[in-house]
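Please look over the structure below.

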Amino acid sequence: FGRYHHKMESDVIVQDGILDNFRNCVRDVLPEDSLLSHNYLVTDTIVDELYGEHVLKEMLAAKLNVTKLVVPAETSDESGESSTEMHKTLGVLSGLIDQVLDGGIDKHSCIISLGGGVVNNLCGFLASTLYRGIKLVHITTTMMGQADAAIDFKQAVNHPKGKNLVGAYYPASAIVCDPSTLTTLSDRHILNGLSECIKHAFTQSAELMDYILTGLANLRDTKYLETVVSLTVAHKAPTLTNYHDSDFNEICPQYGHAIGHAVEHLTWKPNCGPPLLHGEAIAIGMCASAEIAYILGICTEEVVDEHYEIFQKAGLPVFVPETLSMDEMVDKLTYDKHYVRSQATIGMITSVGNMYQDEETGKYGIPIDDELLRLGLSANIARRNAALNQ
């Protein structure tokens, strides 16, 4: 027996200041079926202080039945930044499930996430599990969330073996991005998300790259941020809509991520820090991927240099940390989703805005054996050592 899966579809709203008078549009944002049900606004302790009560009051003013739930967050973790990452766990998920079931839901209830990518992902997985799937809306308040984490069907929590290893593909009916919320972030957190925007520029658009680079001095200009987020979403959305048409749509958003995830996860281990944020780690991953592309003759050395120059101009790291060993990084890559038959699969670019496609197979995901991986990482490390000796 069998049946077609329901269509996955999300509407993305990018509007500066939309939360100021959210009562005026929230009934249009939530699914119509949820307007008479008991809904849950889920946020973390940091975002709750900034926007939690305001958003709750706006929703109550719109005559919605909403209960607010708050998960833990750290004002300063090992990275020195505020974070909810260490609470993106099955334990926290289980606690939310208990609270929602104790409070009562029906099949039309909606989970509304209010926070960054961690809260968005946590709530997405929560909504996918309750009653085998209830309604979901994201209000994402970080650059990483607005540029990448919330703009997807992927919902997950972390596992001791790695990031996002337990989860589901589940759509939010609406994703709300208010760039005014980004002004409360540290520069580092804004750049963390901007790294994902630069990723889409590297893989899809030289014009997007030019716009990002010309506005780096305006990181707290909400109109600049609104445009960057809107353009990034416009480039990412087709990769989600046309996902099964070509492996481009899977590999493009993962540029730099195979190596980046390994670097990120390892820097959070004892004696391997300082810990890197996701966007910082994938910046390093993209630089190392460019090194591999150059070794294979896919791109010129000038393209490799552009990777380092662009990320350094943006204030993002470009080198594998000295605290990480080659063997650790190669071993950690074996847990990557795209590690198949003892080989990592990565995307590479030929020039800014253009991904490499294998002429024989038509594939954008290229298998990389451990020897080539080590050569690419070694080239990155050699640049690092040369820079340290200058």
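## Aromatic pairs

Phe319 is partly exposed, with a relative accessible area of 21%. Buried means under 20% relative accessible area, exposed means over 50%, and partly exposed lies in between, with a 1.4 Å probe and protein chains only. This is a predicted model: local features need pLDDT of at least 70, side-chain atom pairs count only at pLDDT 80 or more, and totals for chains, interfaces and linings use all residues. Residues are numbered from 1 along each chain as its sequence is written, and side-chain values use heavy atoms, with hydrogens and water left out.

The ring partner of Phe319 is Tyr308: the centres are 5.8 Å apart and the planes stand at 35 degrees, so the pair is tilted. Rings of Phe, Tyr and Trp (its six-membered ring) pair if their centres lie within 6.5 Å; planes under 30 degrees apart count as stacked, over 60 as edge-to-face and the rest as tilted. Tyr308 sits in helix 12 (residues 301–314) and Phe319 in the loop between helix 12 and helix 13 (326–332), so the pair ties together parts 11 residues apart in sequence. Helices (H or I, at least four residues) and strands (E, at least two) are DSSP runs, numbered from the N terminus. Tyr308 is buried, at a relative accessible area of 4%.

The structure holds 4 aromatic pairs. Another of them joins Tyr211 and Tyr224, and this pair is stacked: 5.6 Å centre to centre, with 25 degrees between the planes. Tyr211 belongs to helix 7 (residues 206–214) and Tyr224 to helix 8 (residues 222–241), so the pair ties together parts 13 residues apart in sequence. Tyr211 is partly exposed at 30% relative accessibility. Tyr224 is buried, with a relative accessible area of 5%.

## Helix 10 against helix 11

Helix 10 (residues 257–267) packs on helix 11 (residues 278–295) at an angle of about 130 degrees, and their axes are 7 Å apart. Axes are lines fitted to C-alpha atoms, for helices over the stretch in contact, and angles run from 0 to 180 degrees between N-to-C directions. Helix 10 and helix 11 are therefore oblique to each other. Angles under 35 degrees count as roughly parallel, over 145 as roughly antiparallel, 65 to 115 as roughly perpendicular and the rest as oblique. Helix 10 passes helix 11 in a right-handed crossing. A crossing is right-handed if the near helix is turned clockwise from the far one by less than a right angle, and left-handed if anticlockwise.

From helix 10, the contact residues include His257, Ile259, Gly260 and Val263; from helix 11, they include Ala281, Ile282, Gly285 and Ser289. Contact means heavy atoms within 4.5 Å. By class, this contact of helix 10 with helix 11 has 7 nonpolar, 6 polar and 1 charged residues. Ala, Val, Leu, Ile, Met, Phe, Trp, Tyr, Cys and Pro count as nonpolar, Asp, Glu, Lys and Arg as charged, and the others, Gly among them, as polar.

Ser289 of helix 11 is buried, with a relative accessible area of 2%. Leaving aside neighbours within four places in sequence, Ser289 touches Tyr255, Gly256, Ile259, Ile346, Gly347 and Met348.

Helix 3 (residues 90–103) and helix 4 (residues 117–129) pack at about 55 degrees, with axes 10 Å apart. Helix 3 and helix 4 are therefore oblique to each other. Their crossing is right-handed. Leu90, Val92, Leu93, Leu96 and Ile97 of helix 3 meet Leu122, Phe125, Leu126 and Thr129 of helix 4. By class, the contact has 8 nonpolar, 1 polar and no charged residues.

Ile105 lies in the loop between helix 3 and strand 4 (110–115). At 14% relative accessibility, Ile105 is buried. Beyond neighbours within four places in sequence, Ile105 is in contact with His38, Tyr40, Val100, Leu130, Tyr131 and Ile134.

## Backbone geometry

Most residues other than glycine have a negative phi, and most peptide bonds are trans. Lys63 is not a glycine, yet has a positive phi of about 65 degrees. Lys63 is in the loop between helix 2 (45–61) and strand 3 (65–71), and is exposed at 71% relative accessibility.

Asn271 also is not a glycine and has a positive phi, of about 70 degrees. Asn271 is in the loop between helix 10 and helix 11, and is exposed, with a relative accessible area of 77%. Pro274 lies in the loop between helix 10 and helix 11. The peptide bond from Gly273 to Pro274 is cis, with omega near 10 degrees.
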